[in-house]
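Me: Hey, I've just been handed this structure and I'm new to it. Can you walk me through it?

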Amino acid sequence: LLSSQKISKIRNYKPKHFSFNVDGGRCEVCKGEGVVTIEMQFMADVHLQCDNCNGKRFKKEVLEVNFEGKNIDDILNSTIDDAVAFFIKHQQTKIANKLKPLQDVGLGYVKLGQPSTTLSGGEAQRIKLSAELSKKGTGNTMYILDEPSTGLHFEDIKMLLIVLQKLVDEGNTVLVIEHNLDIIKVADYIVDIGPEGGKEGGKIVCAGTPEAIVKKFETTSHTAKYLKMELD
């Protein structure tokens, strides 16, 4: 989008000039990091804002290119929610549709330019899940998710469940390792491993639908005990 602007065409800027992953438009001092690292021999490394680009990660002339008042730094500092609203407002539906799956898995608060190393395990899983959602489904894929609800607000968990159900409705299999009862109670089939944690666990305590587990194993399964409260 930015490389198609008039000033970019005059300066012969290509899409690569608006990426901090390759040479071209990124700051040459910090290599697009926005910070410079000072290695300390006996202490933790110190990270300082790059004086050359003031933490903006791009060359000054590249930052002069903008779309509807936003340059590449402004866009990358936008949250997914803000970016979707911005691109819809300005009829850039192709870009908005690419970002929409990230909203669908509850990642609307993440910034577009946020380094992947700062994401939690659950967030990284959901980004992979959003990538799958953007593909044309085959209906015969098995997804294995390890506690995708970690750190999520209950409203975001609702959104995540809608996404997971969509995958199942398309014929895929979704296996979720989870402790969150809001997710456990809507599973088609539960395998409860325990009875305790660590050395006291590792055995299949019970298996079946949520209703069957609650009915038969309330006294022997911790999951069944607390699941009953959710289903009553």
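This is a predicted model: local features need pLDDT of at least 70, side-chain atom pairs count only at pLDDT 80 or more; totals for chains, interfaces and linings use all residues.

Me: Is I177 buried or exposed, or partly exposed?

Reply: I177 counts as partly exposed because its relative accessibility is 43%. Buried means under 20% relative accessible area, exposed over 50%, and partly exposed in between (1.4 Å probe, protein chains only).

Me: Which residues make the nonpolar surface patch?

Reply: M142, I144, L175 and I177 make a patch of about 380 Å². Patch residues have over 30% relative accessible area and no salt bridge; nonpolar side chains (Val, Leu, Ile, Met, Phe, Trp, Tyr) are joined within 5 Å, like charges within 9 Å. Areas come from the Shrake-Rupley method with a 1.4 Å probe, and for residues only the protein chains shown count as cover. Strands β3 (142-146) and β4 (173-177) each supply at least two of the patch residues.

Me: OK, now the inside. Which residues touch the most other members of the largest nonpolar core?

Reply: L2, F18, I72, F87, L99 and L129 do, in a core of 34 residues. A core is a set of buried Ala, Val, Leu, Ile, Met, Phe, Trp, Tyr and Cys residues joined through side-chain atoms within 4.5 Å. Among the elements that each supply at least two residues of this core are α5 (121-133) and α6 (154-169).

Me: What is L129 in contact with?

Reply: Leaving aside neighbours within four places in sequence, L129 is in contact (heavy atoms within 4.5 Å) with V105, L145, L160, V163, L164 and L167.

Me: Switching topic: how many salt bridges does the structure hold?

Reply: There are 9, each a side-chain nitrogen of Lys or Arg within 4 Å of a carboxyl oxygen of Asp or Glu. K185 has one with D182 (3.7 Å, N to O) and one with E230 (3.5 Å, N to O). K185 lies in the loop between α7 (181-184) and β5 (190-194) and E230 in helix α9 (residues 222-231), so this pair ties together parts 45 residues apart in sequence.

Me: Which residues are linked in a network?

Reply: E28, K31 and K59 are linked in a network of salt bridges.

Conventions
Residues are numbered from 1 along each chain as its sequence is written. Side-chain values use heavy atoms; hydrogens and water are left out. Helices (H or I, at least four residues) and strands (E, at least two) are DSSP runs, numbered from the N terminus.
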